[in-house]
Amino acid sequence: MLGIQGSEILIILLVALVVLGPRRLPEIARKLGRWSVELRRAARDLRTGLEAEVGDLRTIRDEIETPVREVRDDLRQVGREIDEAGDVRRLPWVGPQPETGPTADDALADLDEIEGDGTERDGQ
């Protein structure tokens, strides 16, 4: 971006003096000064507001990233365990043990029976 140099400002002031006259030039200069102050204040307020919003978004992102990272790590660990076990059904049961009814071992035995020769599917 090119800046205005001193000689250019002098030429602009001389043209403004000729066009506006010596009486209106100070009044116009004061108005331009006030507008400049208001624009700077508005820009500063806008910047402050945007920085606060961005800070809030960063905080939210950080709060979300931690549980997501933990779940991702847990899934990687489960994937490694599956790869090591070779068969998903042979992973150790880590949930609560039922007090009544079939156990996890009973469910696996039933699954082996169903998948064993395929004759017990669909009531055949």
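What does Glu81 count as, and at what relative accessibility?

Modeller: Glu81 counts as partly exposed because its relative accessibility is 35%. Buried means under 20% relative accessible area, exposed means over 50%, and partly exposed lies in between (1.4 Å probe, protein chains only). This is a predicted model, in which local features need pLDDT of at least 70 and side-chain atom pairs count only at pLDDT 80 or more, while totals for chains, interfaces and linings use all residues. Residues are numbered from 1 along each chain as its sequence is written, and side-chain values use heavy atoms, with hydrogens and water left out.

Glu81 is placed in helix 1, which spans residues 6-85. Helices (H or I, at least four residues) and strands (E, at least two) are DSSP runs numbered from the N terminus. Pro92 is 11 residues from Glu81 along the chain, and the C-alpha atoms of the two are separated by 9.8 Å. The secondary structure of the protein consists of two helices and zero strands. Of its 124 residues, 2% are buried. The protein exposes about 11,300 Å², 59% of which is supplied by carbon and sulfur atoms; accessible areas come from the Shrake-Rupley method with a 1.4 Å probe, and for residues only the protein chains shown count as cover.

The structure holds six salt bridges, each being a side-chain nitrogen of Lys or Arg within 4 Å of a carboxyl oxygen of Asp or Glu. In one of them, Arg76 is paired with Asp73, with the closest N and O atoms 3.5 Å apart. Arg76 and Asp73 are separated by about one helical turn, because they are three residues apart in helix 1. Arg76 counts as partly exposed at 46% relative accessibility, and Asp73 counts as partly exposed at 39%. Arg69 is partly exposed at 40% relative accessibility, as is Glu65, with a relative accessible area of 34%.

The pair Arg47 and Glu51 also lies in helix 1, again four residues apart and about one turn of the helix. The closest N and O atoms of their salt bridge are 3.0 Å apart. Arg47 is exposed because its relative accessible area is 57%, whereas Glu51, at 46%, is partly exposed.

Two surface patches complete the setting. Patches are made of residues with over 30% relative accessible area and no salt bridge, like charges being joined within 9 Å and nonpolar side chains (Val, Leu, Ile, Met, Phe, Trp, Tyr) within 5 Å. Ile4, Ile9, Ile12 and Leu13 make a nonpolar surface patch of about 390 Å². Ile4 belongs to the segment before helix 1 and is exposed, with a relative accessible area of 57%. A patch of negative charge on the surface gathers Asp105, Asp106, Asp110 and Glu113. Lys and Arg count as positive and Asp and Glu as negative, with His and the chain ends not counted; the place of a charge is NZ of Lys, CZ of Arg, CG of Asp or CD of Glu. Glu113 lies in helix 2, which covers residues 104-117, and counts as partly exposed at 46% relative accessibility.
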